[in-house]
Amino acid sequence: MELSQARDIVYQAGLDLVKEGLVARTWGNISLRLDDHSFVITPSGRNYETLTAEEIVAVRINDLTHQGDVKPSSEKGMHAEVYRRRPEINAVVHTHQRHASTVAAARKEVTGLSEDHARLLGKSVRCAAYALPGTKKLMKAAGQALEEGRHAALLANHGALCVGSTMEAAFRVALELEGACESFIAEAFARHYGTRASTMEEMHACYLTTAP
Ligand SMILES: [Zn+2]
């Protein structure tokens with residue numbers, strides 16, 4: 001794919017993430033494969049709302065070196081790990097989306113997925129062991145959590161990693177993961193209290209105290 005076209009796709013995906021509320025609290029990062037050796041990714045420490053397509057950075061998969069003056073996301077290594085391990089994957093979306101992040105804080109594996117969710121996400125969504133953002137340890141843990149053809153993984157105390165053959169597919173995984181995690185939390189709450197939570201805040205707070 002052409003650099004300019006790839007940059008436009010990533011740029012548009014950033015705007016869409018904001019619109020869908022998947023980056024409500026803190027920014028995540030998005031990347032798209034250019035070819036077997038490189039990908040483009042959102043820059044480090046930039047707000048998606050003021051980002052320009054020219055600031056999307058090209059990074060090499062094998063050594064993580066980048067083109068130009070703009071620094072790529074510090075989580076580039078995690079994206080590179082996915083491209084290295086999964087030749088069929090061409091887009092990676094990392095978010096700190098709300099429901100998935102709550103399940104990730106409880107370090108739970110999301111099981112019992114509906115048929116529709118399982119078709120898109122994989123047979124379960126595993127939670128990668130905790131590791132500091134930007135480290136080799138996180139790269140490895142995230143790659144392992146995505147094994148067996150999974151399209152989504154949780155990152156302990158951090159957020160979610162969603163992948164797809166196209167940006168559209170990865171984006172859809174992020175959206176569906178949010179729905180699956182919301183149901184997962186609601187079911188855990190109902191099992192524990194025998195009733196539905198009246199607010200989302202109550203549901204999340206109770207989930208975090210009762211889940212482990
Ligand atoms: Zn992150």
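**View 1. Helix H3 (residues 98–105) is mostly covered, with six of its eight residues buried.** Buried means under 20% relative accessible area, exposed over 50%, and partly exposed in between (1.4 Å probe, protein chains only). The model is predicted, so local features need pLDDT of at least 70 and side-chain atom pairs count only at pLDDT 80 or more, while totals for chains, interfaces and linings use all residues. Residues are numbered from 1 along each chain as its sequence is written, and side-chain values use heavy atoms, leaving out hydrogens and water. Helices (H or I, at least four residues) and strands (E, at least two) are DSSP runs, numbered from the N terminus. The buried residues of H3 are His99, Ala100, Ser101, Thr102, Val103 and Ala104. After H3 comes Arg107, with a positive phi near 55 degrees.

**View 2. The buried residues of H3 pack against strands E5 (126–128), E6 (152–155) and E7 (159–164) and helices H6 (167–193) and H7 (200–210).** Contact means heavy atoms within 4.5 Å. On the H7 side, Arg98, His99, Thr102, Val103 and Ala105 of H3 meet Met200, Glu201, His204, Tyr207 and Leu208.

**View 3. The axes of H3 and H7 come within 9 Å and cross at roughly 20 degrees.** Axes are lines fitted to C-alpha atoms, for helices over the stretch in contact, and angles run from 0 to 180 degrees between N-to-C directions. H3 and H7 are therefore roughly parallel to each other. Angles under 35 degrees count as roughly parallel, over 145 as roughly antiparallel, 65 to 115 as roughly perpendicular and the rest as oblique.
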